[in-house]
Amino acid sequence: MNTDAFIPVNTQTWVNGRHNVRCVKVIDETWDVRTFCFMAERPVMFFFKPGQFVTLELEVEGRQVMRSYTISSAPSVPYSFSISVKRAPGGLVSNWLHDNLEEGHELAVHGPVGQFNCIDFPANKVLFLSGGVGITPVMSMARWYFDTNADVDMAFVHSARTAKDIVFQRELEHMASRIVNFTLHVICEKVERGQAWSGYRGYLDQAKLNMIAPDFMQREIFCCGPTPYMKAIKALLESNGFDMSRYHEESFGATPVDVKEDAIEQAEIAQEETDALVQADMVRVEFASTGKSIQIAPGETVHAAAAKLDLHIPKACGMGICGTCKVLVKTGEVTMEHNGGITDEDVIAGYVLSCCSVPKGDVVVDF
């Protein structure tokens with residue numbers, strides 16, 4: 001036997017960071033949703049917590065663009081991962097992905113990160129609530145429970161615009177037909193001419209929730225969908241006196257209006273305070289790799305300091321969610337208020353998310 005033909009496989013495990021991957025499959029889920037499957041050139045076990053997301057590093061129309069997408073596959077299929085993207089009217093990246101990303105295309109991804117997952121909140125009974133393409137993280141969770149034969153009672157409720165917009169419909173029906181601890185309920189907002197639909201119509205309301213999951217008060221709830229959808233779900237649950245510590249929603253996405261308004265107000269206040277600062281209040285931020293440094297006002301972030309020096313630290317969300325702007329602090333301390341975009345291990349090693357890290361004093365950053 002010619003043993004030279006056998007190449008040993010040194011399997012690596014996925015850790016939060018930047019990784020080069022290759023698109024190996026493109027699947028049309030619906031008329032406007034596609035799933036893109038990725039693998040590494042050398043075998044990597046893509047283990048993550050179902051519900052987490054990655055950030056794609058892309059070049060679109062000649063400029064670098066970062067976009068974050070929830071992983072729709074489950075870590076029970078460990079040597080690849082998938083994202084499912086809805087084409088959005090006027091959407092720069094979603095349209096580019098649909099029109100340009102093909103099998104064989106290579107790109108870089110950052111992650112995985114995210115606090116919205118079913119591993120950190122174990123339960124015997126769960127209720128998955130999703131609207132539109134918000135189905136992706138809860139689908140990852142359902143797939144994980146299904147593949148691992150978990151003893152978890154799952155009620156899966158998905159809201160779609162019409163019957164042709166139901167993502168993963170055949171797979172969901174297959175799962176429901178195979179195991180007794182998975183019940184599927186789909187609600188279509190409306191039925192278009194020529195469509196056959198015998199299921200629920202309209203929106204998820206109190207009456208439908210009582211019929212679908214009469215024991216919803218005893219379930220751990222995972223919710224993802226458009227902001228108005230999640231806002232309505234929260235209001236419905238709160239009106240029932242639901243224990244909201246057992247409610248979890250995907251926080252990644254567009255910044256809510258009230259947060260934007262608060263950010264503007266805080267920025268104005270910060271500017272007024274900055275105008276009154278004396279030089280002694282400033283702190284120095286040095287970027288070791290370039291040798292550049294700058295003094296910034298208390299309350300300004302490491303990322304803001306870099307931008308003033310024309311140093312481009314990649315950033316996608318700006319809210320400590322995506323993890324793209326991670327840098328290493330060599331000396332000094334910062335105050336970091338993130339939203340799940342960095343692991344405890346990275347924090348212990350000295351890494352911070354520059355978009356939400358404010359120096360306590362002079363710091364030196366490895367960038």
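# Reading helices, a sheet and single residues

Visitor: At what angle do helix 2 and helix 3 pack, and how far apart are their axes?

Guide: Two helices that pack together are described by two values, the angle between their axes and the distance between those axes. In this structure, which is a predicted model, helix 2 and helix 3 (residues 169-178) pack at an angle of about 30°, and their axes are 12 Å apart. Where helix 2 passes helix 3, the crossing is left-handed.

Visitor: Which residues of helix 2 meet residues of helix 3?

Guide: On the side of helix 2 you will find Ile 135, Met 139, Ala 142, Arg 143 and Phe 146, and these meet Glu 171, Leu 172, His 174, Met 175 and Arg 178 of helix 3. Sorted by kind, the residues of this contact are six nonpolar, one polar and three charged.

Visitor: In what order do the strands of the open sheet stand, and is the pairing parallel or antiparallel?

Guide: The open sheet has six strands, which you can follow in the order 12-11-10-9-13-14, and their pairing is parallel. Strand 12 (200-201) and strand 14 (247-249) are the edges, and each has a single partner strand, so one side of each is left without a neighbour in the sheet.

Visitor: How many bridges join strand 9 to strand 10?

Guide: Strand 9 (residues 125-131) and strand 10 (residues 153-160) run parallel and are joined by seven bridges. To see one of the pairs for yourself, look for Ser 130, whose bridge partner in strand 10 is His 158.

Visitor: Which residues are buried in helix 1, and what covers them?

Guide: A residue counts as buried when its relative accessible area is under 20%. In helix 1 (residues 92-100), that applies to Val 93, Ser 94, Asn 95, Trp 96, Leu 97 and His 98. Their cover includes strand 3 (33-39), strand 5 (53-60), strand 6 (63-70) and strand 7 (81-86). Taken over the chain, with its 367 residues, buried residues make up 46%.

Visitor: Where are Phe 168 and Asp 310 found, and are they buried or exposed?

Guide: Phe 168 is found in the loop between strand 10 and helix 3, and Phe 168 has a positive phi of about 65° although it is not a glycine. With a relative accessibility of 4%, Phe 168 counts as buried. Asp 310, in the loop between helix 7 (302-308) and strand 17 (326-331), also has a positive phi, near 60°, in a residue other than glycine. Asp 310, however, is exposed, with a relative accessible area of 70%.

Visitor: What does Pro 75 touch?

Guide: Leaving aside residues up to four places away in sequence, Pro 75 touches Phe 46, Phe 47, Phe 48, Pro 50 and Trp 144. Pro 75 lies in the loop between strand 6 and strand 7, and at a relative accessible area of 5% Pro 75 is buried. Pro 75 and Ser 140 are 65 residues apart in sequence, while their C-alpha atoms are 8.2 Å apart in space.

Visitor: Which peptide bond is cis?

Guide: Look at the peptide bond from Gly 111 to Pro 112, which is cis, with omega near 5°. Pro 112 has its place in strand 8 (residues 106-113).

Conventions
Residues numbered from 1 in each chain as written. Predicted model: local features only at pLDDT ≥ 70, side-chain atom pairs only at ≥ 80, totals over all residues. Heavy atoms only, no water. Pairing = 2+ DSSP bridges. Helix = DSSP H or I, 4+ residues; strand = E, 2+ residues; numbered from the N terminus. Axes fitted to C-alpha atoms, helices over the stretch in contact; angles between N-to-C directions. Left-handed = near helix turned anticlockwise from the far one by under 90°. Contact = heavy atoms within 4.5 Å. Nonpolar A, V, L, I, M, F, W, Y, C, P; charged D, E, K, R; others polar. Buried < 20%, exposed > 50% of the residue type's maximum accessible area, 1.4 Å probe, protein only.
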